[in-house]
Amino acid sequence: MQNQYEVVVIGGGPAGLAAAIQADKEGAKVLLIEREARLGGILKQCIHDGFGLIRFGEKLSGPEYVERYVEELKDRQIACKVLTFVTEITKEKEGFLLTAVNREGVSEFGARTIVLATGCRERTAKQVSIHGTRPAGVFTAGAAQHLVNLSGLMPARRCVILGSGDIGLIMARRLTLESAEVLGVYEVKPEPSGLTRNIVQCLEDYQIPLHLSCTVTRVFGEERLTGVEVMRVDEAMRPIPGTEERIDCDALILSVGLIPENEMAESIGVTLYPGTKGPVCDENFMTDVDGVFSCGNALHVNDLVDYVSESGELAGRAAARYTAGEQPEKVEIRPDASLQYAVPQMITVQAAGGEGESREVVLFFRSRETVRDADFVIELDGKTVFSKHYGVLRPPEMERVLVKLGGLDIKSDSKISVSIKKREAR
Ligand SMILES: Cc1cc2nc3c(=O)[nH]c(=O)nc-3n(C[C@H](O)[C@H](O)[C@H](O)COP(=O)(O)OP(=O)(O)OC[C@H]3O[C@@H](n4cnc5c(N)ncnc54)[C@H](O)[C@@H]3O)c2cc1C
């Protein structure tokens, strides 16, 4: 087949760019497919700084960060198709057949392996329960960010933000800088959902109030939003009668979570993990469908793009090195109730003293609740093989650990568990 590649990467955001570059470095014939006109994914609209501190030791804006990868992709002359939407993947006898649509029509590409780097999308008003009319003026934070930063349009003059996710916090500051009045951020949970640094830099520095255990219960307005009703909630997050308050505003901005985009993965039989809503994967970011890899926000929602790029590199390298045929056995990594999730969810068996002596695994996790003075612990057959102490662990903050597996005997019937253990008061 003329359009035959060893690695096809779907999605040209930071994860896909890193995957394509790394697979190319490994000598694979690579194709990157992106549905938008420009590469860079969501970072194209993130014009604030703070990206790349870990990777480059610099504070870059989103476009600056991603430009470094786009330049490298061009220098390496990696094949790339933009304005091309992958609509279907089918499993062939050897590899995969991808169907894509672009302005020239429908094309087909053959792939030995696929890296899914399709990112995530925002939860919308339909996914949260708000009564009332359906006027214009209700935006997701990402849509508002796109309007302000890329189209130069102001979606609001006087607004309320529902949800304290990072994009909402960043938009609270952005809209304030563009002289909109941000009346408050309302969060249904008793703790904020965004990073502490964003609470400080985006809300406290601009005196924008954060109302915890509160939610928006109703919107008002016919053609355009004229106000919202907010209420306090109880421990079960149910609105408390009698706490209704009407706020006059012209926009409601929603920052109520991100969902990994995985329709394509599901269509070829990849199992999704309930804790992440992304594919189940092993330490090489290969899913449970051989030859299909996943990285970045499609795998799980990351809070730092630096880790997104790292997962892209690891997936791209493994995809380039993949050989079809019988795959090594894997065992499950089981998080206990103290964790929301741990990624990867599977790990390859290895005999102590064998080839895996220098093997290291990158593991990401999120705690279920805020805990202080605690250890993240990995146990293999009941014995602690890794432990790291944390002063505080918070659910919005994703953690990354590098685990050395050399010397460990991981058998096909081994039990691997991960947990957060609080230290006793000393
Ligand atoms: C609105 C929004 C704002 C954000 N702001 C910040 C921020 O300020 N700071 C921060 O650190 N993180 C932010 N994030 C998180 C950010 O998404 C990640 O840090 C990073 O961009 C994820 O990279 P990615 O490559 O996994 O996904 P993305 O950047 O989302 O890239 C995925 C790419 O895949 C393409 N794609 C999807 N499906 C297909 C298909 N079928 N065919 C072809 N192409 C396809 C998409 O067009 C997109 O370009 C934000 C996320 C969102 C949604």
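A polar side-chain atom of His-48 lies 2.6 Å from an oxygen atom of the ligand, a pair of the kind called a polar contact (N or O atoms within 3.5 Å). The model is predicted, so that local features need pLDDT of at least 70 and side-chain atom pairs count only at pLDDT 80 or more, while totals for chains, interfaces and linings use all residues. Residues are numbered from 1 along each chain as its sequence is written, and side-chain values use heavy atoms, with hydrogens and water left out.

| Residue | Distance to a ligand oxygen atom |
|---|---|
| Glu-34 | 2.7 Å |
| Arg-35 | 2.9 Å |
| His-48 | 2.6 Å |

Taken alone, the ligand exposes 970 Å², of which the protein buries 95%; these accessible areas come from the Shrake-Rupley method with a 1.4 Å probe. Around the ligand there are 34 residues, each with a heavy atom within 4 Å of it, and Ile-42 and Asn-297 are among the closest.

An automatic or database assignment divides the chain into domain 1 (1–121 + 257–322), domain 2 (124–256) and domain 3 (329–426). The C-alpha centres of domain 1 and domain 2 lie 31 Å apart, and 11 residues of domain 1 are in contact with 14 residues of domain 2, where contact means heavy atoms within 4.5 Å. Between them, these two domains bury about 1,000 Å², 54% of it on carbon and sulfur atoms; buried area is the accessible area (1.4 Å probe) lost on being put together, summed over both parts.

Terms used: Polar contact = N/O pair within 3.5 Å; in protein donor to acceptor, adjacent residues only side chain to side chain.
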